[in-house]
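Biologist: I have not looked at this one before. Can you walk me through it?

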Amino acid sequence: MAGAAAADTGRVEAASIPNAAPALRLGELLVREGHATQEHVDQALELQPVLRKRIGEILVEKRWTTTRAIAEALALQYGLEFVDLSQVAVDQRASQLLQEGFAHKHQALPVRFLGDDLVQVVVADPANLNTTDELRLALGLNCSIAVADPAALEATIARTYHVTVSVSDVGPDEPEFDDPTVAEGALDLVNALIGRGVNARASDIHLNPQVRDVLVRFRVDGVLRDDSPIEKRLQQAVAARVKVMATLDIAEKRMPQDGSFVVYIGGAAVDVRVAVLPTKHGEQVVLRLLQREQNLELPDLGMSSEMENVFLRAIAQPHGAVLTCGPTGSGKTTTLYAALDRLNNGERSIATIEDPVEYQLPGVMQTEVHSRIGLSFSRGLRTILRADPDVILVGEIRDEETAQIAIQAAMTGHLVLTTLHTNDAAGAIARMRTLGVDPDLLASSINCIVSQRLARRICHHCREAYEPSPEQVMEMNLIAAGGTPTLYRAAGCLQCGNTGYSGRVALYELMPVHGLGRVLLDGSTDEVFEAAVAAGMRTLREDGVRLSLAGVTTLEEIRRITGDRRLV
Ligand SMILES: [Zn+2]
């Protein structure tokens, strides 16, 4: 089995590391891997006797390379694995093997088990022999050392050991339970669940009451995974605890309620949106986790370069609307934020109206919808228009008034970025007409419409290449440059928790509106779609096929995501 083999390799590593003297020098490796220039390495070497620092430190201080590049080079130098912590869910059972103080002091974090008595520990500095010796003592287990970017490691250590819930700790509303340990247990349990969710990069945590216990599920990379269930006797206390945190009515158990609170995990804010729904076996609780700090640069979104050019041209216009579409959780807001990030260079005044504010952008005037005090999208939009912004982000268009103000704004010298809850780009046209937007204005006011989905990325450690059958080639219209295409299938290994996938990638469909002609006025969604394809639009499925052929995801995943869609 793949798992057993990998564990064995780990054990060998543990025994042999890091005694071997590095064969290549760090500077040479950085140059070879394209992470630094020979000139910079030479200059750093000259500076070394003066500054009395390590070569890597000098290169980073001078901004000639990054901490991550140094870490990758160190991993190569010592023949160790480099671990990208942004792609790894830290196993709490592993991290708990070390005390927080030890982890900080030695910049080391156990991240996962590779076998029953073998744990993988990431460190910032594999050259530090003392650390590895002390680690083995402290863990009481064999460890396999891997290297991580020190900046990412520091942040992950802070996050792993620190879940502070910043809820005003709790007044007269605190529910009473006969057994005081129940309330206490619920408090610890909820904190631990949120901490685990954040570390596992979960977007949602579901607590579903069953007859005998409460089913706990994390949504990671768009897919739900079971976690250990909660005992039935804690069910009510857990629901009550969450309701207190979200300032909901604890006594109300028959009506759905929603609210929110903020937790700080290792100093980073995480917004938690709460929905409580009554079910037959008690209250179902769904926690949506919105982590504010994210990397938002456009090249990371994974658009093909041809598509990215069209998109960049659309957002570079001084006016007009750019719409993104897709179901909840398809990443459409992230795409708009990436666009905003690109536009936010100090030359434009930018304002947003959002529900909720998901990412904080420096220099941008961000307003949050607040229905309880009557601050709706349309009212907020009217207000921010008075401040005469160049660029406006409207979190979502879901009512007529907002649609009409947004289109007006797009036609009067503002660039408007917004999302629509429709399945595809073509569907956005009919939706705008339903929302009362004059069809005659669509072509002149909308720069482009993007539709998107998130697909799981195939795990690069275990993917298996294969040649697709002639039927598959036909079905998915697989055309590779130079003969038979190679595809990959997900196998599953320790790195990806046996799922075969790790992380996500977006599929896009980008529809320029100008030039579609009469279908915009009264055409059905199908007719709009056909006109767009005739005008050269690449569909979601075609973009998915591109990513499959590039070995980024699988055909099965593309089929899962676009299965119900039209084929062309
Ligand atoms: Zn894998």
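Biologist: Which residues are linked in a network of salt bridges?
Modeller: R273, D355, E368, E396 and R398 are linked in that network. A salt bridge here is a side-chain nitrogen of Lys or Arg within 4 Å of a carboxyl oxygen of Asp or Glu. This is a predicted model, where local features need pLDDT of at least 70, side-chain atom pairs count only at pLDDT 80 or more, and totals for chains, interfaces and linings use all residues. Residues are numbered from 1 along each chain as its sequence is written, and side-chain values use heavy atoms, with hydrogens and water left out.

Biologist: How many salt bridges does the count come to?
Modeller: The count comes to 21 salt bridges by this rule.

Biologist: What does R68 pair with?
Modeller: R68 forms a salt bridge with E72, with the closest N and O atoms 2.8 Å apart. R68 also forms one with D84, where the closest N and O atoms are 3.4 Å apart. Helices (H or I, at least four residues) and strands (E, at least two) are DSSP runs, numbered from the N terminus.

Biologist: And how are E72 and R68 placed in helix α5?
Modeller: E72 and R68 are 4 residues apart in the helix, which separates them by about one helical turn. An α-helix has 3.6 residues a turn, so residues three or four places apart point the same way.

Biologist: What share of the protein is buried?
Modeller: Buried residues make up 48% of the 568 residues. The protein has 22 helices and 20 strands.

Biologist: Which residues touch the most other members in the largest nonpolar core?
Modeller: They are L30, L109, V121, V122, L135 and L153, out of 44 residues in that core. Helix α5 (residues 67–78) gives the largest share of this core, 7 residues. A nonpolar core is a set of buried Ala, Val, Leu, Ile, Met, Phe, Trp, Tyr and Cys residues joined through side-chain atoms within 4.5 Å. Apart from this core lies another, of 39 residues, including C325, V437, L442 and M537.

Biologist: Switching to helices, how much of α11 is buried?
Modeller: Helix α11 (residues 235–245) is mostly covered, with 10 of its 11 residues buried. Among them are Q235, R241 and K243. Just after α11, T247 takes a positive phi of about 45 degrees.

Biologist: What lines the second largest pocket?
Modeller: It is lined by 28 residues, of which A89, V90, D91, R225 and G497 lie nearest its centre. A pocket is an open set of points on a 1 Å grid over the protein atoms alone, where a 1.4 Å probe fits, with protein on both sides within 12 Å along at least five of seven lines; lining residues have an atom within 4 Å of a point.

Biologist: How much space lies in the second largest pocket?
Modeller: About 790 Å³, taken as the space filled by probe spheres set on the points, which are joined across faces, edges and corners.

How values were computed
Buried means under 20% relative accessible area, exposed over 50%, partly exposed in between (1.4 Å probe, protein chains only).
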